[in-house]
Amino acid sequence: MPEIGRRKALGVAGVAVGGLALAGCGGGGAAAEGPAPGIKGQVIAKAADVPVGGGTVVQKWKIVVTQPKEGEFKAFSAVCTHKGCAVGSPKDGVLTCPCHGSEFDAGSGKCLKGPATAPLAVYQVKLEGDGIVVV
Ligand code: FES
């Protein structure tokens with residue numbers, strides 16, 4: 001196997017990293033992580049724990065549950081589609097990943113800002129009593 005110089009190797013790596021840095025939302029990119037097995041029918045949060053206009057991250061399920069409008073609950077995988085860090089609770093309708101700054105819409109999971117390129121996986125949920133249930 002031919003040897004390549006350190007400078008040449010770093011140059012190639014720089015091009016690769018630069019290319020990735022330019023990629024943002026809307027391109028192909030990583031697939032969103034799908035629903036966890038066995039989660040259907042589970043109560044993932046209490047409605048009272050999800051503020052209107054905000055949300056909460058449920059660590060047990062790695063899900064973020066949001067309530068963009070009163071009585072309208074949404075749930076997404078909290079696993080960032082960039083490299084898998086957990087996104088934080090929403091602020092001003094945006095879920096931000098603390099690792100590299102990707103941003104996702106708290107009402108749709110859509111990627112708003114890279115380096116992630118794919119939306120967060122969506123869980124269909126409904127309100128049953130005071131519990132938010134995955135359907
Ligand atoms: S892991 Fe989320 S932005 Fe990189």
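This report walks through the strands and pairings of a predicted protein model.

Residues are numbered from 1 along each chain as its sequence is written. Because the model is predicted, local features need pLDDT of at least 70 and side-chain atom pairs count only at pLDDT 80 or more, while totals for chains, interfaces and linings use all residues.

Let us begin with the whole protein. Its secondary structure comes to one helix and ten strands; here helices (H or I, at least four residues) and strands (E, at least two) are DSSP runs, numbered from the N terminus. From the N terminus on, the elements run α-β-β-β-β-β-β-β-β-β-β. Of the 135 residues, 27% count as buried, meaning that 20 or more other C-beta atoms, placed from the backbone, lie within 10 Å of the residue's own.

Three strands form an open sheet in the order 5-6-7, with antiparallel pairing. Strand 5 (94-96) and strand 7 (111-113) stand at the edges with a single partner strand each, so one side of each is left without a neighbour in the sheet. From one strand to the next, the twist averages 35°, an angle between N-to-C directions on a scale from 0 to 180 degrees, with axes fitted to C-alpha atoms.

Two pairings are set side by side below; strands pair if DSSP finds at least two bridges between them.

| Strands | Sense | Bridges |
|---|---|---|
| Strand 5 and strand 6 (residues 103-105) | antiparallel | three bridges |
| Strand 9 (residues 125-128) and strand 10 (residues 131-134) | antiparallel | four bridges |

Valine 94 stands opposite aspartate 105 in strand 6, and valine 125 has valine 134 in strand 10 as its bridge partner. The hairpin of strand 9 and strand 10 has two residues between the strands, and glycine 129 takes a positive phi near 65° there.

Technical notes. A residue is buried if 20 or more other C-beta atoms lie within 10 Å of its own, exposed if 12 or fewer, and partly exposed in between; C-beta atoms are placed from the backbone.
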